[in-house]
Amino acid sequence: MGLGAPGRLAVRSALTLVLLLLFAPVLRQGVNLAHAAGAVLSVSPTSNLPHGVEAITGSGFDPLTTVTVSVTTSAGSSVAGTLTSDAAGSLNGLVTLPFTLDSGVPNQISAVEGSNGPTASSAVTGISVIPSIGNGQQVSAHLGDVVSLHAIGYAPHDPLTITVNGAAVVLPPNAPPYITGDTGTLDCSIVVPISALPGQGTIVVAGQATGQGQQDSSSVPINVAGAQNLVVTPNPVRAGANVKIAAGGFGPNEQVGLSFGYHDAVSNGATVSASTAMTSAAGTLDTVFPIPVSAGAGTQAVLTARGQSTGLSLGQTVTVLGQPGVVTVPSGAKPGNAIGVAGTGFQPGERVFLSTVLFSTPSAGLVIDPSGSFSSTFTIKGMLAPGVYNIGASGINGDQATARFVISPSAKPHIVVRPALVSPGDSLHVQGSSFLANERVTLSFNAVPLTPQDGPITASAAGVFSSTVRVPKLRASGTYVMTAQGMLSGEKVTAQVHVQQAPVSTVYFAEGYTGGGPATRFGESLDVLNTNPITALGKIAYYFANGITQSVSITVPAHARLTEDVGQDVGQNQVVSALVQFDRSVTTTRTITRTTVSGSPLATSISSGEAGLSQYWYFSEGYTGASFQEYLALFNPGDVAAQVMIQTFGASGTSPTAPISRVVPAHTRVTVNMRAIEPNRSFGMLVQSDQGIAAERVLYWGTGSGSSKFSTSVSQGARGPAAVWTFPYVSTSKGDQSFLSLTDPTTVAAHVQLSVYGTNGTQSAPASITVDPGSRLTVALPSKTTSANSAVSIVANSDVPIVVEQAQYFGGSPNTGSHSGSIITGPLKAAAGWNFTVSNTDRLTTGDWYVLNTGTKAAQLKATTYDSSGATVTYVRNAPAGRVTKLDLGNSNSAQGVMSTVWSSSAPISILAVLHTADGMESAVVTGDDPGNAGYAG
């Protein structure tokens with residue numbers, strides 16, 4: 001009979017069950033393998049302390065099964081805890097790491113399900129336990145005393161064992177066990193065991209963390225007082241602090257003498273400090289003794305206690321500590337460099353923690369060695385900005401010290417000092433760069449501190465500063481050193497400053513130009529004559545239209561002359577004024593040469609400067625009509641802007657014009673175009689300023705335009721009106737023309753009488769001249785006042801102080817053609833000496849001297865010529881009384897353009913030179929300086 005459908009189904013079900021039972025072990029094994037391959041374990045944190053709590057998370061385990069977590073260290077494997085997986089096969093729980101956790105290396109954490117279940121692992125790096133006890137200071141106690149302890153840095157929940165001088169500490173009744181808390185700390189009290197050995201020893205507190213690299217033990221010094229030892233706490237101790245003294249074995253209530261023998265840092269000798277104390281009824285000594293403030297740091301001193309009844313003497317050596325200090329070697333470096341950090345004066349065994357942004361500091365701190373010191377090496381972090389950084393050192397005993405470290409800018413600090421040549425009392429402008437941001441900077445002059453005029457110096461955020469100081473009083477001229485020091489970085493930088501003693505000779509030149517226009521090329525030189533028997537040291541200070549100044553040092557040997565090329569000093573195309581100063585009495589003349597762009601010569605101007613500044617300058621000559629172009633150069637070398645007013649004086653009966661106002665900034669030169677302001681007028685001028693200035697008038701005339709006209713004359717101003725004006729050379733022969741310009745700036749009419757002196761005595765003169773008040777009068781000198789081929793001198797005497805100038809033109813009218821000439825301000829009086837510093841113009845190479853002697857006796861003259869090498873030649877001449885005399889110096893005429901000449905006279909005279917070109921096409925009148933009264937400038 002065959003099987004039906006139900007029967008076949010029953011057989012299939014039974015067979016399936018049998019197969020499942022037969023292959024169950026195989027299938028189970030396959031499930032385990034699948035789980036093992038997919039089980040994952042992670043731990044947090046990845047670094048932990050021995051006995052620390054670790055969070056375990058995992059996945060891929062069987063649902064709702066027990067998983068054992070083990071930790072493998074160098075000491076073997078131990079179970080840290082068991083966890084139960086959830087319905088999804090995940091783990092999430094906490095376990096406690098063993099005390100055997102190895103420090104600084106990975107410790108394997110394994111999670112295993114049963115004996116053959118899934119396994120997963122991870123790792124945790126052990127953190128080193130670095131414990132400390134109390135504040136690290138020595139403890140003193142008697143046997144049986146209670147001592148308080150503060151333990152830190154141990155493993156969490158660490159059972160501690162404590163010994164004192166080798167004897168185990170027993171817990172007091174009902175006291176909690178010595179176990180640290182969650183943070184590895186413990187505050188407790190212990191009783192010094194009776195079995196503890198008296199004397200110097202240690203309290204040792206040890207934990208259970210025994211893994212590789214762990215240091216789960218710390219100690220603190222203790223001195224246990226016994227019958228025959230003296231305990232001093234703390235020891236070492238700082239000067240000025242108190243120590244606690246404990247001892248036993250003395251008589252009951254015995255007087256004890258205390259003495260402290262030490263090295264005194266003030267007297268640098270051995271000193272003893274003493275006091276007394278009383279013992280207890282048990283014969284124990286407990287007292288406090290002050291360590292003297294002057295006790296030398298680092299020295300060994302002896303503290304002695306001696307009983308006055310028993311004679312018992314106990315002693316203890318005490319180490320005197322200095323104040324904590326930290327230094328770096330070097331004191332500054334660049335980012336990325338290695339530096340050494342060292343500390344001294346800390347307490348032995350103390351743990352010190354560093355704090356700074358300069359480098360990474362050790363989290364466990366540094367342990368002080370027995371000498372109270374530490375040292376270590378660190379690397380400066382990269383990308384740190386230049387500046388000053390602090391390195392702090394803080395000990396757990398409360399010791400504090402700080403070191404300063406500098407990261408300097410990439411460039412060295414630098415200073416620029418202007419001007420480079422100065423005199424005592426002058427202003428010096430100092431500019432610095434590459435200092436630290438916001439750093440205080442001090443200045444000194446040859447190590448003498450300077451006080452800036454604009455207040456203390458602080459560098460900007462960019463490390464730059466600008467300041468002004470005064471040059472201090474000095475005994476001698478020479479080269480001095482300006483030093484700028486950064487007070488944070490300590491960096492010092494220097495610059496040389498050349499100092500010339502207060503000048504004896506000073507001359508101002510307002511006009512000056514080294515450039516050229518489209519049609520003209522200018523040249524300028526300053527000629528200095530030193531008649532002294534010693535070298536003259538000086539400077540030329542140049543002032544430009546933009547307020548910038550520049551100084552040049554010059555030296556003129558004894559009995560010699562020097563020519564300074566202004567163009568070489570300041571460069572081309574510079575509008576410049578000059579201040580010439582020397583430490584000896586010298587004479588200085590300025591020569592301005594001009595040529596056309598093709599090289600054809602134009603007339604030369606040779607003139608003296610002004611011997612001082614003034615608030616009033618008078619100019620009588622002035623014309624802006626016909627071919628004349630007139631300028632006024634105003635020079636303000638002072639530190640304050642000058643408010644200048646220019647008043648003009650026209651011909652009598654003409655309407656007055658409004659005053660001209662100008663501002664001349666400090667250290668600046670301003671040029672006023674008078675033709676543009678007052679065209680087609682004849683006028684004199686009064687230049688009035690609220691500050692002392694120098695002023696010069698520049699006239700151009702003849703063919704050409706502007707400053708390219710053929711002829712020129714630069715003239716200094718007169719400081720004020722006078723009653724007598726003298727003009728030694730007046731020529732109206734051979735086509736020459738001569739004019740006197742007379743200006744009366746007063747409110748009273750002036751009556752002027754001209755006296756004419758010829759080569760043969762006095763000549764007839766024009767009738768008396770009247771100059772109306774507040775006006776200017778021009779007098780054309782007639783040809784009848786001179787004889788053929790000769791010249792005369794004229795003296796103008798006025799009953800009212802006036803200003804007079806002479807315009808001397810050669811060969812024809814200045815309004816047409818090319819006729820040279822000079823504008824001359826007459827000297828105020830005759831003198832016994834005159835100095836002429838004449839430039840080598842390469843053109844005005846011949847000349848004559850005109851000497852006016854208005855006295856009643858002949859004058860004996862001596863002329864000494866000087867060249868650039870110091871060679872001199874002396875000539876003797878005579879000047880008869882009551883006349884003008886034309887002189888030459890024999891065969892030296894051809895050299896007069898390259899030599900300087902000094903005249904001395906037995907009687908007061910007036911003298912000047914008239915120079916000519918070899919072809920006679922150009923002439924110039926050259927005035928000298930009277931060394932006794934500052935010459936023509938008055």
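This note goes through the predicted model point by point, from the whole chain down to single residues.

1. Ground rules. The model is predicted, so local features need pLDDT of at least 70 and side-chain atom pairs count only at pLDDT 80 or more, while totals for chains, interfaces and linings use all residues. Residues are numbered from 1 along each chain as its sequence is written, and side-chain values use heavy atoms, with hydrogens and water left out.

2. Overall dimensions. The radius of gyration of the chain is 52 Å, whereas a compact globule of 938 residues would have one near 30 Å. That radius is taken over C-alpha atoms, and the globule rule is 2.2 Å times the number of residues to the power 0.38. Along the principal axes, the C-alpha atoms fill a box of roughly 170 × 120 × 50 Å.

3. Secondary structure. The chain has three helices and 70 strands. Both kinds of element are DSSP runs numbered from the N terminus: helices are H or I with at least four residues, and strands are E with at least two.

4. Surface and burial. The accessible surface of the chain is about 39200 Å², and 55% of that surface belongs to carbon and sulfur atoms. Accessible areas come from the Shrake-Rupley method with a 1.4 Å probe, and for residues only the protein chains shown count as cover. Buried residues make up 50% of the 938; the term buried means under 20% relative accessible area, exposed means over 50%, and partly exposed is in between (1.4 Å probe, protein chains only).

5. Contacts along the chain. A contact means heavy atoms within 4.5 Å. Of the contacts with a separation of 6 or more, 70% are between residues 24 or more positions apart.

6. The largest nonpolar core. A nonpolar core is a set of buried Ala, Val, Leu, Ile, Met, Phe, Trp, Tyr and Cys residues joined through side-chain atoms within 4.5 Å. The largest one has 25 residues, and W725, L740, L742, V752, L754 and I794 touch the most other members. Two or more residues each come from β56 (722-730), β57 (737-744), β58 (750-758), β60 (769-771) and β62 (792-809). The biggest share is that of β62, which gives seven residues. As for V752, leaving aside neighbours within four places in sequence, its contacts are L742, S768, I769, V771, A796, N797, S798 and I802.

7. Aromatic rings. A pair of aromatic rings is described by the distance of the centres and the angle of the planes. Here the rings of Phe, Tyr and Trp (its six-membered ring) pair if their centres lie within 6.5 Å; planes under 30 degrees apart count as stacked, over 60 as edge-to-face and the rest as tilted. The count is 19 aromatic pairs. Y513 and F522 form an edge-to-face pair, because their ring centres are 5.1 Å apart and their planes stand at 65°. Y513 is partly exposed at 22% relative accessibility, whereas F522 is buried at 11%. Elsewhere, ring pairs link Y623, F628, W701, F739 and Y809 into a cluster.

8. D527. This residue sits in strand β42 (residues 520-530) and is buried, with 0% relative accessibility. A polar contact is a pair of N or O atoms within 3.5 Å; within protein, one must be able to donate a hydrogen and the other to accept it, and residues adjacent in sequence count only if both atoms are side-chain atoms. The side chain of D527 makes such a contact with that of R561 at 3.1 Å and with that of T563 at 2.6 Å. D527 and S608 are 81 residues apart along the chain, and their C-alpha atoms are separated by 9.9 Å.

9. N165. Leaving aside neighbours within four places in sequence, N165 contacts A196, L197, P198, G199, Q200, G201, T202, I222 and V224.

10. Backbone points to check by eye. The peptide bond joining N235 and P236 is cis, with omega about 10°; P236 is in the loop between β17 (230-233) and β18 (237-238). Another cis bond runs from V329 to P330, with omega near 0°. N438 is not a glycine, yet has a positive phi of about 60°, and K734, also a residue other than glycine, has phi near 55°. N438 is exposed at 53% relative accessibility, and K734 is exposed at 68%.
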